[in-house]
Amino acid sequence: MSQTEDFFKIRLNSIHPSSPVTFDVYIPVHQKMVHYLRAGDSLTADKIASFERKFVTSVYVHSSQRQLYRDYVYSQMNSSSLAPQDKASILRESSMAMLEELFESPEVGPALKEAKNVINNFVSFMDQEPEAMGHLISLSGHDFYTYNHSLDVCIYSLGVAQAVGYEGDELKELGEGALLHDIGKRHVSVDIICKDGPLDDMEWAQMQKHPEFGLIILNEHDVSEAIKACCFEHHENFLGNGYPQQLDGEEIHPMARIVALTDTYDALTTKRSYNKPMAPKDAVMFMKEKLFTRYDKDLLEAMHQALFRL
Ligand SMILES: [Fe+2]
Ligand SMILES: [Fe+2]
């Protein structure tokens, strides 16, 4: 038994039942960690069913074995015996744990470092699997809104960026920026983020501070200027009436323009308790017809192509 703070959370669904784990798995019992599965053992269907009965969706790994867990996910992603949809699911589930850590953990550093590994996995999946985007998008889930939103904006942004010719390190940088774009929401009250209805003026004012909060967090870590721009400039728009700086179109960082676009697309197509989601095609048409003055026209067209090539 050990103290809980030496552990990080992973999703149960990031472990594939047919292959033995290469790390030790723990579960919390009365705020102590109990050794549940030894490296080399498999998570059998019986064990998964027993977790499901108890509504357990996550287990824990000791921080000293983080690299073993990373290697495990990497080897699953490169396994020839796993179907692309299983790989997409493992990829999303393993990333979700990183996002949970990013928004919930008192110390943001480890999750920021982990973001690089998450993006490497996404880009290598896109390289090896022609239908990667389709598999990843079809799994858009029902998790806490901010986690899913961050992941989906990341996936769409990678698709748009690839369509306009981004590759290599630049593509990864854009992916990281998109994944982290709303990191400033760490400092916005969860009551506002999860509010079941429109925000009042005070709440809206706090919500609109998230790009600044995000920049403050990223400035304390070793993060590139482009990644910071994705965070600080994703609510700017081409009319010059966005926030927080009211930048004109050409002043907005090219990567932040992509995130601004996919951020809106995700908001239009995601079900929140107080609004009905638009169908993907309707959302793109709505953006092209009604919101086109706000965005980079070429990127809007690229998003249309990237989404409906699926
Ligand atoms: Fe945002
Ligand atoms: Fe966002």
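This is a predicted model: local features need pLDDT of at least 70, side-chain atom pairs count only at pLDDT 80 or more; totals for chains, interfaces and linings use all residues.
**Entry: domains**

I checked where the chain is divided. Domain 1 covers 1-82 and domain 2 covers 83-308. I then turned to the contact between them. On the domain 1 side I found 13 residues, and they touch 16 residues of domain 2.

Which elements of domain 1 each supply at least two residues of the side that touches domain 2? I found strand 1 (7-11) and helix 2 (66-77). Helix 2 gives the largest share, with five residues. I also sorted this side of domain 1 by class. Six of its residues are nonpolar, four are polar and three are charged.

Next I took up helix packing. Two packed helices are described by the angle between their axes and the distance between the axes. I looked up both for this pair.

Helix 7 spans residues 168-179 and helix 12 spans residues 254-269. Their axes come within 10 Å and cross at roughly 45°. I record the crossing of the two as right-handed.

Which residues of helix 7 meet helix 12? I listed Leu174, Gly177 and Ala178. Across from them, helix 12 brings Met255, Ile258, Val259 and Thr262. By class, I get five nonpolar and two polar residues in this contact, with no charged ones.

**Entry: helix 13 and helix 14**

I went on to the pair formed by helix 13 (residues 280-290) and helix 14 (residues 297-308). At what angle do helix 13 and helix 14 pack? I read about 165°, with the axes 10 Å apart. Angles over 145 degrees count as roughly antiparallel, so helix 13 is roughly antiparallel to helix 14. The crossing of helix 13 past helix 14 is left-handed.

I then listed the residues in contact. Helix 13 contributes Pro280, Val284, Met287 and Lys288. Helix 14 contributes Leu300, Met303, His304 and Leu307. Six are nonpolar, one is polar and one is charged.

**Entry: recap**

Helix 7 and helix 12 make a right-handed crossing. Helix 13 and helix 14 make a left-handed one.

Notes. Residues are numbered from 1 along each chain as its sequence is written. Chains are lettered from A and ligands numbered from 1 in the order in which they are written. Domain bounds come from an automatic or database domain assignment. Two residues are in contact if their C-beta atoms, placed from the backbone, lie within 7 Å. Helices (H or I, at least four residues) and strands (E, at least two) are DSSP runs, numbered from the N terminus. Ala, Val, Leu, Ile, Met, Phe, Trp, Tyr, Cys and Pro count as nonpolar, Asp, Glu, Lys and Arg as charged, and the others, Gly among them, as polar. Axes are lines fitted to C-alpha atoms, for helices over the stretch in contact, and angles run from 0 to 180 degrees between N-to-C directions. A crossing is left-handed if the near helix is turned anticlockwise from the far one by less than a right angle, and right-handed if clockwise. Angles under 35 degrees count as roughly parallel, over 145 as roughly antiparallel, 65 to 115 as roughly perpendicular and the rest as oblique.
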